[in-house]
Amino acid sequence: MAEPILHVESMSRHFQVGGLRSSGILHASDDITFDVYPGEIVALVGESGSGKSTIARVLAGLYPPSSGRIVFEGKVLGKTSSRAVRGKMPMVFQDPFGSINPVLRVGHALQRSLRLHRRDLTSEARHSEAVALVEKVGLLPGEEVLRRFPHELSGGQRQRLGFAQALASRPSLILADEPVSMLDVSIRIGLLNVMRDLRDDGVSLLYITHDLASARYVADRMMVLYAGRIVEEGRTDDVISRPAHPYTRLLMATAPDPRLPLDTSSDVEDLGEPPRVINPGPGCRFAPRCPLATDHCRAATPEFVEITPHQRAACFAVNPAP
Amino acid sequence: MNVLEVRDLMVEYDTPAGPAQAVHGVSFDLAEGEFLAIVGESGCGKSTMLFAIARLLSAPARMVGGEVRFNGVDLARLEGEDLRQVRWRDISVVMQSAMNALNPTLSIGAQLADVCRAHTDWDDARIEARSAEVLDMVSIDRTHLKSYPFQLSGGMRQRAMIAMALLLEPKLIIMDEPTSALDVVAQRSLMRQVENLRQRLGFAVLFVTHDMSVVSHFSDRLAVMYAGEFVELGRTREVFDQPRHPYSVGLMDAFPSLVGEPRELVGIPGNPPSLVNPPGGCLFAARCPSVTDECRQYRPELVDRAGHATRCHLVNPRRNDG
């Protein structure tokens with residue numbers, strides 16, 4: 001297999017929280033290890049508070065990791081990201097209304113990216129490149145779209161523009177943080193298809209989402225995150241068809257699907273919530289909600305168990321396939 | 001017996017370009033204890049319609065026509081004290097964002113007591129007993145009467161809102177996207193809880209959401225709203241299993257599933273029409289894959305066939321002699 005473009009090794013990010021009377025260390029993400037290879041979409045799935053956006057922000061260089069190592073295209077990322085790295089690993093944000101300057105024309109933002117990251121281009125080449133970029137993400141006709149103001153675009157069109165902007169620096173990996181969760185159902189799939197097209201053109205994506213079904217639709221591999229730790233990872237098909245970790249199974253059981261009758265048998269009366277992980281002790285973080293938890297789970301942190309060569313889960317209760 | 005009868009409801013927004021028809025001729029009945037879900041995408045008028053029914057509209061929105069009869073009384077004509085008598089006692093509203101709907105500076109108990117004091121002559125002991133009782137109903141420990149909203153998780157805040165809505169045993173609870181800020185696991189448990197309470201207490205529910213999969217297993221009937229109109233209304237299972245309107249069909253095919261063979265999805269390209277100068281024919285014509293000349297010329301009516309109503313010329317051919 002090819003070299004990974006992104007290699008994340010034992011990465012943790014902690015935050016100091018609290019005030020005078022009580023303070024603690026919030027473990028937003030702990031011991032995160034994964035690779036992203038060229039031309040694949042990897043989904044990072046978790047509920048709010050699971051630490052998925054923290055991981056994206058550390059990768060984007062918005063803040064440094066507390067510990068661990070990030071190797072991108074063979075180079076260890078320093079404390080602050082250089083412009084070149086940001087260009088090669090840009091981010092698309094969740095909110096298409098908050099992430100675009102409303103007073104400048106669409107073309108301006110793209111031209112600016114091109115000017116920063118593609119200094120060799122002449123101004124004519126920049127313009128035709130900008131047209132090509134918006135048309136690439138399905139905004140037609142490109143010439144006209146570039147002259148518009150952001151308020152003249154719908155949410156879906158703005159999010160496409162977000163991807164065009166990310167593409168301007170010819171990235172090898174795009175960090176997409178919940179890029180469709182604020183869009184209407186009928187246009188979400190269009191954006192997911194844009195992501196698949198980009199993948200087919202050789203760009204890798206880290207797709208951060210809470211929606212398992214959309215992860216299944218676009219991702220080649222997926223990781224499931226709970227309370228700051230990866231609890232299961234593997235090829236998307238394997239994880240979806242044979243979820244191993246009890247938390248993945250809970251997510252699968254609660255994902256609403258109108259095509260199926262309501263299955264209340266597998267429906268645990270689960271009123272638990274993911275914990276805020278402040279000054280955590282040892283033990284599996286899912287243990288308080290887990291139907292299979294034993295005393296051992298509360299005392300020791302589970303290591304990854306290989307279920308197949310392409311799937312592993314951090315749980316004492318799972319056994320490797322024979 | 002119907003608790004609510006809505007007839008030909010019209011709501012307009014004043015805009016610089018002229019009035020926008022946000023809700024255009026919506027009619028439906030809600031039987032005692034019935035759960036009616038209304039699904040539609042942003043801007044379709046679903047929340048505006050709820051606000052009109054609950055008499056919560058404020059400028060630039062105004063109700064310009066129609067009737068909203070609650071137990072035979074036209075709510076649209078109630079004013080002042082008469083309207084106040086209906087609120088909380090007969091109809092309560094659960095808003096989309098509990099974080100914004102709850103007062104951050106008052107404890108949950110104080111906010112529950114506030115409703116009781118404004119609408120009953122109960123003494124403090126009775127208010128406290130009832131407050132504890134409604135928290136029990138939504139599985140929140142009664143010690144949280146002393147908690148402030150920030151001390152509760154998102155799911156608990158939303159359940160506290162539902163507890164508040166239950167205080168005076170209303171016959172109708174109006175819910176505006178109560179699950180949209182929640183994770184799938186919390187969503188599912190909230191929906192199960194609403195359903196159990198409805199079975200037990202017998203109130204009717206009018207539930208608006210953009211995510212039809214949330215209600216697919218819980219509502220009795222489902223209305224699909226597009227550009228200010230109901231385009232389809234029928235028993236929930238029937239609308240899901242055999243959607244008739246091309247927009248409903250498109251919506252069903254717009255979100256990926258966790259089961260079955262993976263397949264290509266397309267969504268619904270295009271945007272909803274302008275509501276200031278709506279096109280003459282069917283409002284969905286510009287996005288419809290099955291559009292005909294007739295659709296562009298004549299606005300279709302909502303035609304009911306055996307309890308399943310559709311607004312589409314393809315489903316309800318116009319008579320040539322008509």
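How many residues of domain 1 of chain B are in contact with residues of domain 2 of chain B? The domain 1 side has 13, and these meet 15 residues of domain 2 of chain B. Contact means C-beta atoms, placed from the backbone, within 7 Å.

## Basis

This is a predicted model: local features need pLDDT of at least 70, side-chain atom pairs count only at pLDDT 80 or more, and totals for chains, interfaces and linings use all residues. Residues are numbered from 1 along each chain as its sequence is written, while chains are lettered from A and ligands numbered from 1 in the order in which they are written.

## Domains of chain B

Domain 1 of chain B covers 2-90 + 170-268, and domain 2 covers 103-169. The bounds come from an automatic or database domain assignment. Taken over C-alpha atoms, the two centres are 25 Å apart.

On the domain 1 side of this contact, helix 7 (residues 184-201) of chain B gives the most, with 6 residues. Helices (H or I, at least four residues) and strands (E, at least two) are DSSP runs, numbered from the N terminus. That side has 11 nonpolar, 1 polar and 1 charged residues. Nonpolar covers Ala, Val, Leu, Ile, Met, Phe, Trp, Tyr, Cys and Pro; charged covers Asp, Glu, Lys and Arg; the others, Gly among them, are polar.

## Chain B against chain A

Between the chains, 33 residues of chain B are in contact with 31 residues of chain A. Helix 7, helix 8 (212-215) and helix 10 (246-252) of chain B each give two or more residues. The largest share, 5 residues, comes from helix 7 of chain B. By class, the chain B side has 16 nonpolar, 13 polar and 4 charged residues.

Note on methods. Contact = placed C-beta atoms within 7 Å.
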